Amino acid sequence: MPNFELITDQDIVKSFCTDSSNYPGHAEALVRPKTTAEVVEIVKEANSKKISVTTIGNRSSLTGSAAAEGGWILDTSLMSKIIEINHKEKFCISEPGPMLADFKKTIFEQGLFYPPDPTSEKECFFGGSIATNASGARTFKYGSTRKYVRALEVVLASGEVLNIRRPQIEKNTFGYLPFQNMVDIFVGSEGTLGIITKTEVDLIERPIAFFGGMAFFKTFSECLDFVVAVRKDLRPQVFTTTISPRACELFDHHSINIIKSDSPFKIPENAQAAIFFEQEYDPNSTDNFEKKLDAWLSFLEKNKALVDETIIAEQPKQQEELRRLRHKVPSTLFEEGGDYVKNGGGKISTDWSVPINRIHEIIDYAQKLATEAKLAEPVIYGHIGNGHPHYNFIAKSAEEKKQILDVVHKTCQKVISMNGTIAAEHGIGKIKKSFVKYQYPESIINAMKAMKYSLDPNGILAPGNIF
Ligand SMILES: Cc1cc2nc3c(=O)[nH]c(=O)nc-3n(C[C@H](O)[C@H](O)[C@H](O)COP(=O)(O)OP(=O)(O)OC[C@H]3O[C@@H](n4cnc5c(N)ncnc54)[C@H](O)[C@@H]3O)c2cc1C
């Protein structure tokens, strides 16, 4: 008899069966381990009976990756201990279950900083953000989650516990590159290769101070020119100003309309696009608030922003308000899309990305396709500084969903021809599998599958994800 509790009450199990994509999952039972030893026991039992196990964080995934396709759901919420915060060597070891925002707050209150900041940080677990390699606005400066992961404890489908660490050597010629650094194989693996039960991440010094801002533009195209100029300016060889944003996020005119009624800040009537930015500074150096602000205002002026209307948020409360407005865009669309799920429609969001110098071209192309298909205009917002805007469509019916997906497929093919990716942020999960073929040839997909099935021969972990 197993020592763990198998919750089979369907009223409870059903409430864990989908994620923020509304993908319809189903499962026979829910398990809620508290320790790695319990995870091992659960997985061994499931593997011996060929029962699938879908691990869940807080189910904020937008791809159906956390929606189980049968078997057991393994809920990580009871594994929520932050085990060690090491000030001297600047790292933290934690179980997967803390809410990411709480995890970051605990670290911040101790004078250190964990940079990854998905917009959903108040809705996702630390472990979920590792399993999806989440990124966010501050990825512009700090990179995505992967960069911070030093070591992992992972339970494989066999029940074997792997303890893996990012290599610390400077040279190595043994083996294929991904295997030289196994941490990177598991980060972003969407629950398909193992269950992450412990993670050690790098921490950095807490930035001394920052201000937030929102700059407005009379045209969408001028706003994109601005972004390209920011990126150019950041290249060290052509460094011409002292701006060094840690975030550079887009709002198109639809996104501006979403935040307008709820904004404590004045939003100019003639704005067709906006950029949300954050700038760190050091009050005790020549790079102080006034200097950085001056640099921003002159940079904005040079690049055709509506300088006088720029919002600058210096106080924590104002900064929090700006970030709340940024979050309001996806959460509003999520709710709006939810209203049409029963008609076979819903929200369709993209997370493709292209090299920044192709951004105008891809946006023009995607807009042209949407217009030709007579679709309602998408809402475009998000991580433009990384060449990665989110296109969000609301399909009111199954028929409209089909038309939108057709446009998204064509856009993704173009994205790949521009050396982009179909999934810069949310992974593949279940709902983006039909796009995979555009990015990699079949031989490479088969090599990935071979690795998955050599680690998980019965295919019990997160079936239906990626492949
Ligand atoms: C409003 C909104 C905004 C969002 N903004 C962003 C954003 O800015 N950036 C971004 O990257 N994402 C964003 N997302 C998507 C999502 O929030 C992230 O992918 C998040 O990191 C998922 O974490 P989670 O705990 O909810 O994981 P879940 O959704 O529960 O799971 C996601 C995947 O991870 C696997 N998994 C979870 N925990 C583990 C574990 N311990 N071991 C192994 N596998 C595991 C699951 O099997 C699944 O495949 C957003 C979502 C919403 C709803």
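Reader: Why is Tyr440 called partly exposed?

Author: Its relative accessibility is 36%. Buried means under 20% relative accessible area, exposed means over 50%, and partly exposed is what lies in between, with a 1.4 Å probe and protein chains only. So 36% puts Tyr440 in the partly exposed class. Before we go on: this is a predicted model, where local features need pLDDT of at least 70, side-chain atom pairs count only at pLDDT 80 or more, and totals for chains, interfaces and linings use all residues. Residues are numbered from 1 along each chain as its sequence is written, and side-chain values use heavy atoms, with hydrogens and water left out.

Reader: Where does Tyr440 sit, and what is it in contact with?

Author: Tyr440 is in the loop between helix 14 (436–439) and helix 15 (442–455). Helices here are DSSP runs of H or I with at least four residues, strands are E runs of at least two, and both are numbered from the N terminus. Neighbours within four places in sequence aside, Tyr440 is in contact with Ile445 and Met448, where contact means heavy atoms within 4.5 Å. Leu250 is 190 residues away along the chain, and the two C-alpha atoms are separated by 29 Å.

Reader: What makes Arg326 buried?

Author: Its relative accessible area is 5%, and that is under 20%, so Arg326 counts as buried. Arg326 is found in helix 11 (residues 316–338). Leaving out neighbours within four places in sequence, its contacts are Thr119, Glu249, Phe251, Tyr381, Gly382 and His383.

Reader: Thr332 is in helix 11 too. Why is Thr332 called partly exposed?

Author: Thr332 has a relative accessible area of 24%, which falls between 20% and 50%, so partly exposed is the label. From Thr332 to Leu62 the sequence separation is 270 residues, and the C-alpha to C-alpha distance is 14 Å.

Reader: Which phi does Lys90 have, and is Lys90 buried or partly exposed?

Author: Lys90 has a positive phi of about 55° although it is not a glycine. Lys90 lies in the loop between strand 4 (82–86) and strand 5 (91–94).

Reader: Zooming out, how do you know that the radius of gyration agrees with a compact globule?

Author: The rule is 2.2 Å times the number of residues to the power 0.38, with the radius taken over C-alpha atoms. For 467 residues a compact globule would come out near 23 Å; the protein has 23 Å, so the value agrees. The C-alpha atoms fill a box of roughly 70 × 60 × 45 Å along the principal axes. Of the 467 residues, 53% count as buried.

Reader: How many helices and strands are there, and how do domain 2 and domain 3 meet?

Author: There are 15 helices and 17 strands. Domain 2 is 209–331 and domain 3 is 339–426, with bounds from an automatic or database domain assignment. In the contacts between them, 20 residues of domain 2 touch 15 residues of domain 3, and their C-alpha centres lie 24 Å apart.
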